[in-house]
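Here are a few friendly notes on the two ligand sites. Please keep the model open while you read.

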Amino acid sequence: MKIYKTTKGILIGHENVFYLIQTDWDSFINNDNIYKETLVLIKGLTPITDAADLLKNELLAPIGAQEIWAAGVTYMRSKSARMEESKGAGGGSFYNRVYDADRPELFFKSVASRVAGPGQKVRIRKDSNWNVPEPELTLMISASGKIIGYTIGNDMSSRDIEGQNPLYLPQAKTYDWSAAIGPCIYIPEFPIQENALIEIEIIRNNAQVFSGDVRIDQIRRKFTDLVEFLFRETSFQAGCLLMTGTGIVPPNDFTLHVGDEIKIRIENIGELVNIVE
Ligand code: DO4
Ligand code: MG
């Protein structure tokens, strides 16, 4: 099933589309039994027939009081790209070490007020000249630490800033509209298929300037291990979202431009489209 946050309330897509009036996002989504309980709930509801416009024009980022965190260097491609970009800063050793270490790289990415939803603008920093999107499977985790769903995430990154010095990572990763998520929270009965495909396409002046794909089974870590580390000494009363790292990095001569359209698709979840501002 797919849970959408819209300007008019929560929509549930499961065979039909159902509308939940006056349901609070945080209490609805932060539920270890959301799949089963929502199935019961929609049995008592009448499907709506005019959902198309809401789903096309009224979608919001599927987030409330949740923080967004991110894991890094979880795919080989991310490790090699980072080592290359940070050669001058000694990147050969620190990215290698975190890729092989037991403890993953985890960093704070965003709160809802800085996040773009479907169709909204993402930003590149004005003090950076090398910027890329990072298409990432993003976990929806309940307050108890259970992975209850999935969404598409874009972990926008300023590669020149993170490449200069690893201590600049928060500036390369966290600024207004540096994250996008959506279009929905996908809540399957069982964990997402192990080899689900992530695809990205970047369109500039009606032409494709970059495309790439990766399957999520190329990740080096288990999702449950990432969650276990994140929750070790930190509590999340409303649950949280965790971007799981990128396995797609454009070549070094590519940078985003204002006006570029970024399309990210993940099998079973859908497509997230954002424009660069
Ligand atoms: O260490 C830099 C960030 C890594 C990252 O965001 C990723 O691998 O996706
Ligand atoms: Mg990333």
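This is a predicted model: local features need pLDDT of at least 70, side-chain atom pairs count only at pLDDT 80 or more; totals for chains, interfaces and linings use all residues.

1. How far does a polar side-chain atom of Arg82 lie from an oxygen atom of ligand 1? The distance is 3.4 Å, within the limit for a polar contact (a pair of N or O atoms within 3.5 Å).

2. Residues are numbered from 1 along each chain as written, chains are lettered from A and ligands numbered from 1 in written order, and side-chain values use heavy atoms, without hydrogens and water.

3. Around ligand 1 there are 16 residues (a heavy atom within 4 Å), with Val73, Ser78, Glu105, Lys173 and Thr246 the closest. By class, the shell holds seven charged, five nonpolar and four polar residues, with Asp, Glu, Lys and Arg counted as charged.

4. The magnesium ion (ligand 2) has Glu134 (OE), Glu136 (OE) and Asp155 (OD) as protein donors, at 2.0 to 2.1 Å (donors are N, O and S atoms within 2.8 Å of the metal, or 3.2 Å for Na, K and Ca; water is absent, so sites may look incomplete). Their spacing along the chain is E-x1-E-x18-D. Because Glu136 belongs to strand β10 (residues 135-141) and Asp155 to strand β11 (residues 147-155), the pair ties together parts 19 residues apart in sequence (strands are DSSP E runs of at least two residues).

Technical notes. A polar contact is a pair of N or O atoms within 3.5 Å; within protein, one must be able to donate a hydrogen and the other to accept it, and residues adjacent in sequence count only if both atoms are side-chain atoms. Helices (H or I, at least four residues) and strands (E, at least two) are DSSP runs, numbered from the N terminus.
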